Structures are given as structure tokens and as C-alpha cells.
Amino acid sequence: MKFTELPFHPSIQTALEKIGYTDLTPIQEKSIPFAMEGSDVTGLAQTGTGKTMAFLLPTLHRLLSSAEEEPLPYALVLAPTRELTIQIAEEAKKLLEFTDMGVATIIGGTDYKSQEQALGNKACIIVATPGRLIDFVKNHGLSLENIKVVILDEADRMFDMGFVQDLKYIFHKCKNRKQSLLFSATLSYEVVRLASKYLVDPIEVHINPEKVITERINQSLLHLGREEKMPYLVNSLLNNEIEGLGIIFTNYKMNIPKIVSVLRKYGITATGLSSELDQKKRIRLLRDFKAGKYKYLIATDVASRGIDIENIDVVYNYDLPQDAENYVHRIGRTARAGRIGSSIGLCSETDYTELERIEKYLNSKIPVGEINESYLAFPVGEFTPVFADESIPGEKKFQERDGRERSGGKHKQAGDRRGKREGKETHRDRNHGSKPSGEYRNREDHHPPAKMHREDRKHHNKSEGNPKHKNQNNKPKNTNVSKTNSKRNLFDINALPETAKKKKSIWQRILTIFKKD
């Protein structure tokens, strides 16, 4: 269906022509007609399916087409994150370009004065995060009594972030609402409960997420060693140029400055986005990325639901997400507004558990790509570094944190814990990566952890230096086994003592019990 086939207000039609929207997405085609009639709607669809326009278009159309002048603000949109709130507000401004009405963005991390001015500038729609909106209601005299339409975007995410009571409070303040629209990626218990309490006979619209992924996103999975990921990523970006933009997702904030630094060294324009940055820096970086200053954005899952940019051509999963649902949200950053996109997952020996969860969630296998052997080593040649004078987002903070942990004191424990995790990972053999973890867990149960071995060695050293700790027969204790166990590789079968290799049969163990009697 075409946008021109729907009877939108003339100013909205003009705005759609300027934006360049022509065809409706499935969620838009199914939900907009009902929303234009004034019905409550629950839309179940993944990110990247066009939900923003699915609720903005009918809402603004009803306002502009009203026979009587409606008191403002007319509509309220609630979103879980600041980034998503900003994206929705920008889309609303585009649709209102040929009117004299405005949009008020109410989020934390920015000053109250500018937001109060936006509210007073004929704001017909408020786009807000729940916390800052309640702050405005309680402390700045904002009234929600004129609100006729309440919209919840990413409702499941809001429940995950603990906004349940906030949403109930806001709905209570919107006493005169006539319509409620709820959009969510998943249908959790809390979402159903909220819909049944605050929505009146809602029309249910459901878009199959698997269909969206397989139709528009070309997925591939590359099996690499942990140390091979970085050179392979660099070579891939240098040899596979894209017209639009790309996002590289990692699970760990400390990886962001490392990846940015390496990419810039090879002349790749990249920047990073994580929760370590304050709100103003995050907004500025997203604006610069969208404008094309940076070709690639390295981010954690804080950005997987907060970026709504049409020209994302490719998404790299440097680490497979620990939450299977986040995989869909990540790759949903590409192939937006009916476009085709691609996602590339770099799967090492530490990602196999996540891969199993993701493929179970998708109910399908991710196609495995062919490894280019020449990409496994960093490229050789002369490269012109980019943004040499520009600081890398988050680098200073992580350097300071790393310094504090190394200096000891109360911060030392964090470093020790991280070191243990890294040490444990280095013992993993690449050939064992795809095997179930139960085998290794059983072996570890028979051998105390490294911390206990250190205590045993300490106790042994004291015993050698103090005669009181010697046994009654004045025979030195045999410590060969404990020393060997404390240093051996847990996955090295040959390092096991002979006694551990030869297990007694069940019949021999039964005979031993009777002999004791």
C-alpha cells in the first residue's frame, strides 16, 4: 500500500513527499487505518519495522483534521531511552514541518529551561522518558489533563527498566485520554496486564519477527579465534566499502576505545557510544554519526534500541549478545524503512553459548560464511590515521579505572576478578569451543580453584620453615601432586595423575565397601 492511498491531512501528505516515504511497512499498513478511526491498538513488532510512523501519522492526522481546535498538548509519547525519545521527536518535527505546531522533548541530562520553552511553543505532542516527565508534573507544574492520546513505544523495554509504577502514575494523570496505542517487541505478562487495564477493546496487530529478519537482512556468521576478530574486522571494513553507515556491537564497554583506536589507526572513521558518556556527548556523537562524520559507530546494547537511522547498511556483532532477543534488536538497526541490509557475526570460542541461544530464539540457523584467510592478519602498508587530535570516547575513563585497579587498595579486587576471568578464558582451547561445557565443568569439580591452591602453597611454605607444622613421624609432606595440579592446564588430560586416570569399576568399589566392614 502507498502512503498516497490513505486520506492524510494535506500538510502531512506534503511532509511525506518531502521525506520520500512511499510504501507502508506491514505494521503501518495493519495499524494505521484502525488508529485513524480512533481505536486503541496494540502493535507487536520488532524494531526496524516502522512503528514510529505507525503511531505518529494517525495521531497527528486526527489532531490536524479535528473540526474543533484541540487544547495542547494533544498527545504524549513515552519511550524507555533518551536516544529513542530524540529519534521519535525528530520524526514528529518532520511531519509537522508545514504546520505552526511544535514538539516538546522531555528527557533527563538536559536543562529544564529549554524544555519549558518547547512546551510553551505550541507543542502539540510531548515525547518523553517517564522519569523526567514525572519530574515536570510534580515540580514544574506540567498538566497532562489535555492529553487525548497516550502512546507507549518499546513497552517491554520499559518494564525491563523498572518503569511499571511510573507508567501507572502517568496514565492516572492523563484522565481525559480518548485513545491509547501500545507498541512492543515482545508480549510479556506485564505488557498484557497494562494493556488490559488501560486500553479499551484494542485492535491487535502482530508482525512475525522471523519474516522481517529473513526477508530484508542478509545474515552471516564467521567462526574465528578470539585473537583473530580484530584483524578480520579491520580487513573487512577496508575491503568491503559501503555507501551508507555501519554499526559494530560489542558486549563490553572497555572494548569500545580499543576498537575505535585500532580502526582510526588504519584510516577508518569510527567513534564509540556507551553509557560511560554523558547525555550531551552521546547526542552530539549520534548527530555527527548520522551526518556522516564517522562511517562506523562502535556501541554496546545501550544503542541497539536507540538508533533510528535509515542508511545503516551493515551491522557487525564483534561479540554475540548474551541476550538472544538483543540479537534481533541489534541487526534491526539495518534494513529500516523497507531497505535491504546485512549483519555479520564474529563468533569465537567464547561465543558458542550465545550462538545456541540466538539460533533457538530465531528457530533457525544463521548461515555460516566462508573465512578469507588473508584477513586473519592485520593489513600491511602505509595508512593515514584519522582523528589523531580527537580523543577517543571513554578511553580516559577506562585508563583511569585501570590505573586505580592496578594500584591496589579497595579497587584491587575488581582487577583480580577480571584477571581471573581473563585467565580462565586463556585456558580454553579453540578446538573445544563448540563442545558442551558440561565436560569441563565436571573436570573442574575435582580440582580446587586457583585461590585455594595459593592458600595451600602458603601453608606448605610455613610448614617447611616451622618444625611445629611437620607431621608426627617427622616425614616431609608429599606436595608433588598439589604443585602439579596448581599449575596444570585443566583441559590437559595428560597432566592428570595416574591415580586419577585409572577409575575403579563399580564392582571394585562395592568390594572395597565390604572389605572395610
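Two strands are said to pair if DSSP finds at least two bridges between them. Helices (H or I, at least four residues) and strands (E, at least two) are themselves DSSP runs, numbered from the N terminus.

A few ground rules come before the tour. Residues are numbered from 1 along each chain as its sequence is written, and side-chain values use heavy atoms, with hydrogens and water left out. In this predicted model, local features need pLDDT of at least 70 and side-chain atom pairs count only at pLDDT 80 or more, while totals for chains, interfaces and linings use all residues.

Confidence is a friendly place to begin. pLDDT is the predictor's confidence in each residue, from 0 to 100. The chain has a mean pLDDT of 79, and 73% of its residues reach 70 or more. Contact here means heavy atoms within 4.5 Å.

Axes are lines fitted to C-alpha atoms, for helices over the stretch in contact, and angles run from 0 to 180 degrees between N-to-C directions.

Helix packing comes next. Two packed helices are described by the angle between their axes and the distance between the axes. The axes of helix α3 (residues 51-64) and helix α4 (residues 82-95) come within 11 Å and cross at roughly 40 degrees. Helices α3 and α4 are therefore oblique to each other; angles under 35 degrees count as roughly parallel, over 145 as roughly antiparallel, 65 to 115 as roughly perpendicular and the rest as oblique. On the α3 side, the residues in contact are Thr52, Met53, Phe55, Leu56, Leu57 and Leu60, which meet Ile88, Glu91, Ala92 and Leu95 in α4.

A second pair is α8 (residues 164-173) and α9 (residues 189-198), whose axes come within 12 Å and cross at roughly 10 degrees. That angle makes α8 roughly parallel to α9. Val164, Leu167, Lys168 and Phe171 of α8 make the contact with Glu190, Leu194 and Tyr198 of α9.

The other open sheet has 6 strands in the order β8-β13-β12-β9-β11-β10, again with parallel pairing. Its edges are β8 (217-223) and β10 (270-273), each with a single partner strand, so one side of each is left without a neighbour in the sheet. The twist averages 20 degrees from one strand to the next. Strand β9 (residues 245-249) is joined to strand β12 (residues 312-317) by 5 bridges, and the two run parallel. Glycine 246 has valine 314 in β12 as its bridge partner. Helix α15 (residues 352-362) lies across β8 and β13 (341-347), running at about 155 degrees to β8.
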